[in-house]
Amino acid sequence: MTSTLIRNAAAIVTGQRGAASRSAGPDIRIRGNLIEAIGQLTPEPGERVVDATDCVVYPAWVNTHHHLFQSLIKGDTHGLDLPLTAWLAATPYRFRAAFDEGLFRTAVRIGLLELALSGCGTVADHNYLYYPGMPFDSSAILFEEAERMGLRMVLCRGGATKVRQLEAELPQALRPESLDAFLGDVQRLTKLYHDASPNAMRRVVMAPTTPPYSMAPAELVECARTARSLGIRLHSHLSETVSYQDSVHSMHGMSPVRFVAEHEWLGSDVWFAHLVKLDAEEIALLGSTGTGIAHCPQSNGRLGSGIAPILALQAAGVPISMGVDGAASNEAADMISEVHAAWLMQRAAAGDRCQPLYRDGQGEGEATAVSADDVVAWGTSGGAKVLGLDAIGTLAPGMAADIALYALDDPRYFGLHDVAVGPVASGGRPALKGLWVNGQRVVEDDVLRGVDVGELRSEARGAVRRLINQ
């Protein structure tokens with residue numbers, strides 16, 4: 001069995017919280033697809049040795065919410081400064097009908113490359129590009145492209161059986177599916193691709209696009225029950241804006257979280273993207289049921305939605321993970337940018353809540369409540385938890401070898417007293433000396449295997465011109 005020794009790392013961040021967040025190392029041995037040992041290790045005869053001097057080691061990131069097809073509609077001037085609902089009509093829905101198999105595959109390739117070069121090994125893509133009579137299989141493309149790059153793919157099979165008014169006048173590609181067609185395809189995909197093992201390279205998730213708008217209430221119940229009968233998880237968007245709150249209250253006379261609770265969409269097998277606008281009862285309900293969140297701070301900021309109350313959710317027992325969301329609402333669609341934003345925004349939000357002592361406040365104490373190590377845990381072991389991939393997300397013997405090795409060679413990292421925090425605290429994108437996924441090195445010295453970046457750049461430029469012309 002082949003082995004690799006990552007030797008002499010300057011710092012090893014484990015993905016755990018508290019005192020266990022760092023390992024002295026300085027070496028990590030990979031044997032087969034597992035981490036065999038961490039410590040002071042001696043190279044074995046014939047073993048490949050990777051010099052990690054002055055480098056930092058993290059668990060490979062786990063991205064729990066993305067829309068990869070949006071990688072070709074970044075920076076659209078029609079939607080750049082709009083809030084969520086107006087942006088949906090202006091950008092993703094406007095372009096959705098133009099995507100054929102070639103454009104979809106190019107977009108997926110761009111998104112996966114960007115993620116991989118940030119050190120991301122697992123991608124949960126909430127793909128909602130499905131419609132009756134669709135001439136290509138977008139699900140198959142996602143799995144094919146992830147396999148080609150050596151990444152873990154969790155397909156969150158989106159879709160809808162009804163549309164909102166903003167979609168009603170749009171073309172065939174926005175038309176809803178029948179519930180039977182939707183559930184039948186989820187069953188097909190589960191049989192073809194789903195692997196329930198704790199270090200699976202492929203998973204399938206039941207993921208109607210957004211519960212109050214995409215399906216009738218009874219259909220949501222049927223989706224939840226079907227998913228649980230298949231042994232797969234559930235995912236969707238929820239409570240992203242105040243308009244979302246108002247709309248659900250108008251339609252159903254209750255909060256969004258209470259609505260999904262009434263329709264069997266809470267539990268430790270469920271996670272929602274966003275959860276920006278919540279009241280105290282909703283936070284308690286999410287926590288008591290173990291329902292998770294994919295926190296998407298950059299998209300929430302870009303769309304003016306707000307900042308999710310992560311500290312309150314964490315205190316209530318909600319599993320916290322990180323999601324990049326679609327590139328059309330997050331032009332920096334990589335995990336390093338995302339965790340950097342999460343760290344800053346959560347600290348800023350905590351500081352914004354602080355009140356001076358003379359007004360009976362607590363001073364600035366709350367502003368220290370989020371550390372860089374906390375954010376790493378959200379983006380690694382937290383992501384593994386909400387996806388149910390128990391063998392990834394943490395650097396420890398016996399865990400799957402999903403490892404990111406960063407070389408902090410850029411001047412932005414010069415002068416760091418604690419180099420371990422560099423990728424989170426300094427921002428930018430550190431050079432990726434190596435990315436291992438399930439023991440296989442898929443990135444070496446910032447080059448992802450099997451991808452011609454120049455060719456992809458040319459494809460992307462041509463694709464954008466084609467979309468604009470259409």
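A residue is called buried here when its relative accessible area is under 20%, exposed when it is over 50%, and partly exposed in between (1.4 Å probe, protein chains only). The structure is a predicted model, in which local features need pLDDT of at least 70 and side-chain atom pairs count only at pLDDT 80 or more, while totals for chains, interfaces and linings use all residues. Residues are numbered from 1 along each chain as its sequence is written, and side-chain values use heavy atoms, with hydrogens and water left out.

The protein chain contains 18 helices and 19 strands, both taken as DSSP runs numbered from the N terminus (helices are H or I with at least four residues, strands are E with at least two). Its radius of gyration is 22 Å, close to the 23 Å from the globule rule for 470 residues, so the chain is as compact as a globular protein of that length. This radius is taken over C-alpha atoms, and the rule is 2.2 Å times the number of residues to the power 0.38. Along the principal axes, the C-alpha atoms fill a box of roughly 65 × 65 × 45 Å. Of the 470 residues, 61% count as buried. Among contacts (heavy atoms within 4.5 Å) with a separation of 6 or more, 75% are between residues 24 or more positions apart.

Charged side chains come next. The protein chain carries 40 positive and 53 negative side chains, and the centres of the two sets lie 3 Å apart. In this count Lys and Arg are positive and Asp and Glu negative, with His and the chain ends not counted; each charge is placed at NZ of Lys, CZ of Arg, CG of Asp or CD of Glu. Side chains of opposite charge can pair when their charged atoms come close. A search of the whole structure finds 29 salt bridges, each a side-chain nitrogen of Lys or Arg within 4 Å of a carboxyl oxygen of Asp or Glu.

One of these joins R105 and E144, with the closest N and O atoms 3.0 Å apart. This pair links distant parts of the chain, as R105 sits in helix α3 (residues 101-116) and E144 in helix α4 (residues 138-149), 39 residues apart. E144 is partly exposed, at a relative accessible area of 37%. A second salt bridge brings together D137 and R188 (3.3 Å, N to O). D137 lies in the loop between β9 (120-127) and α4, and R188 in helix α6 (residues 179-193), so the pair ties together parts 51 residues apart in sequence. D137 is partly exposed at 29%, and R188 is partly exposed at 31%.

D269 and R228 form another salt bridge, the closest N and O atoms being 2.8 Å apart. Here D269 is in the loop between α10 (256-262) and β13 (270-274), whereas R228 belongs to helix α8 (residues 217-230), 41 residues away. D269 is buried, with a relative accessible area of 18%, while R228 is partly exposed at 33%. Salt bridges that share partners also join E101, R105, R109, E144, E145 and R148 into one network.

The backbone has some details to look for as well. Most residues other than glycine have a negative phi, and most peptide bonds are trans. A cis peptide bond, however, joins G25 and P26, with omega about 5 degrees; P26 is in the loop between β3 (22-23) and β4 (27-31). N8 has a positive phi, near 70 degrees.
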